[in-house]
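Please look at the sequence and the model first.

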Amino acid sequence: MIVDLSLPLSERTPVYPGDPGVKVRPWALIERDGYYMNALKLGEHSGTHVDAPAHFIPGGKTIDEMPLEKFIGEAFVVDLRSGEGMIELEELPDSGYYGRIVLLLTGGRELSPEAALFLVAEGVKAVGTDAMSIGDENVHTILLSAEVPVFESLVNLERLLGLTFTFVAFPLKIEGGSGSPVRAVAIVE
C-alpha cells in the first residue's frame, strides 16, 4: 500500500505567512497549441516540501548538494496532538531514532529546541511534520546544521500510526536551492 503524504499544489495551497503564493497558469492548450502545459510560479517551500541546510545555515548545503539517501528510509509517526504549546523533550519516545526518519503528527504544534537537540543526538536521519513549520529559527538551525532534512506540511500521517514503513520524498534538483516541493509517500509492506 502507498499512502500519499503530500498536499496538492494549486492556488489554494496554504503558504507560510510572507512566502509567495502558488500560481498555476495555462501556458499551452491542446485546442490552440496542440499540447497542454501549465506555467508555475511558487516558492521553494510551497506545499509539502523539504528544507535544506542552506535555508538557515550560511554556507550550508543546498538542496542539489544533499545526498539522495537523506530523502528515503525507514520511518515511523509519533502522535503529539494531545499536548499544547511547544513539543517538549519528555513528549518524545526515549529511543528508536538512529538512522530512521521520524514524522511528527502535531496538529500544528512546533518542536522545542531541546527536542530538536535530542533528535540530532539520537542520530535521526530526517524529521517531518504536519505543521507548516517544524519550529523557530533555533529549531531549524539545530536540525539543519546537523544536515537533518526537515519535511513540512505533510498530510495523512494519522493513517500510519503504529506502523513502520518506507518514507520517500525526493526534492527537485534546484541548483542553489534552499529547499524544494516534494511528493512524499509512505510505502507500507
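Which residue caps the N-terminal end of α3? The residue is D136: one of its side-chain oxygens lies 3.0 Å from the backbone nitrogen of N138. Helices here are DSSP runs of H or I with at least four residues, strands are runs of E with at least two, and both are numbered from the N terminus.

The model is predicted, so local features need pLDDT of at least 70 and side-chain atom pairs count only at pLDDT 80 or more, while totals for chains, interfaces and linings use all residues. Residues are numbered from 1 along each chain as its sequence is written, and side-chain values use heavy atoms, with hydrogens and water left out.

**Helix α3 and H140**

Helix α3 covers residues 137–145 and contains H140. Its buried residues are V139, H140, I142, L143 and L144. Buried means under 20% relative accessible area, exposed means over 50%, and partly exposed is in between (1.4 Å probe, protein chains only). H140 has a relative accessible area of 3%. Just after the helix, E147 takes a positive phi of about 55°.

The cover over the buried residues of α3 includes the elements below.

| Element | Residues |
|---|---|
| β4 | 49–51 |
| α2 | 113–121 |
| β7 | 126–129 |
| β8 | 150–152 |

Leaving out residues up to four places away in sequence, H140 touches D51, H55, F56, S133, I134, G135, S145 and E152. A contact means heavy atoms within 4.5 Å. With D51, the side chain of H140 also makes a polar contact of 3.1 Å. A polar contact is a pair of N or O atoms within 3.5 Å; within protein, one must be able to donate a hydrogen and the other to accept it, and residues adjacent in sequence count only if both atoms are side-chain atoms. H55 is 85 residues from H140 in sequence, yet their C-alpha atoms are 8.5 Å apart.

**The whole chain**

The protein chain has three helices and 11 strands. Its radius of gyration, taken over C-alpha atoms, is 17 Å, close to the 16 Å that the globule rule gives for 189 residues, so the chain is as compact as a globular protein of that length. That rule is 2.2 Å times the number of residues to the power 0.38. Buried residues make up 46% of the 189 residues. Among contacts between residues at least 6 apart in sequence, 67% join residues at least 24 apart.
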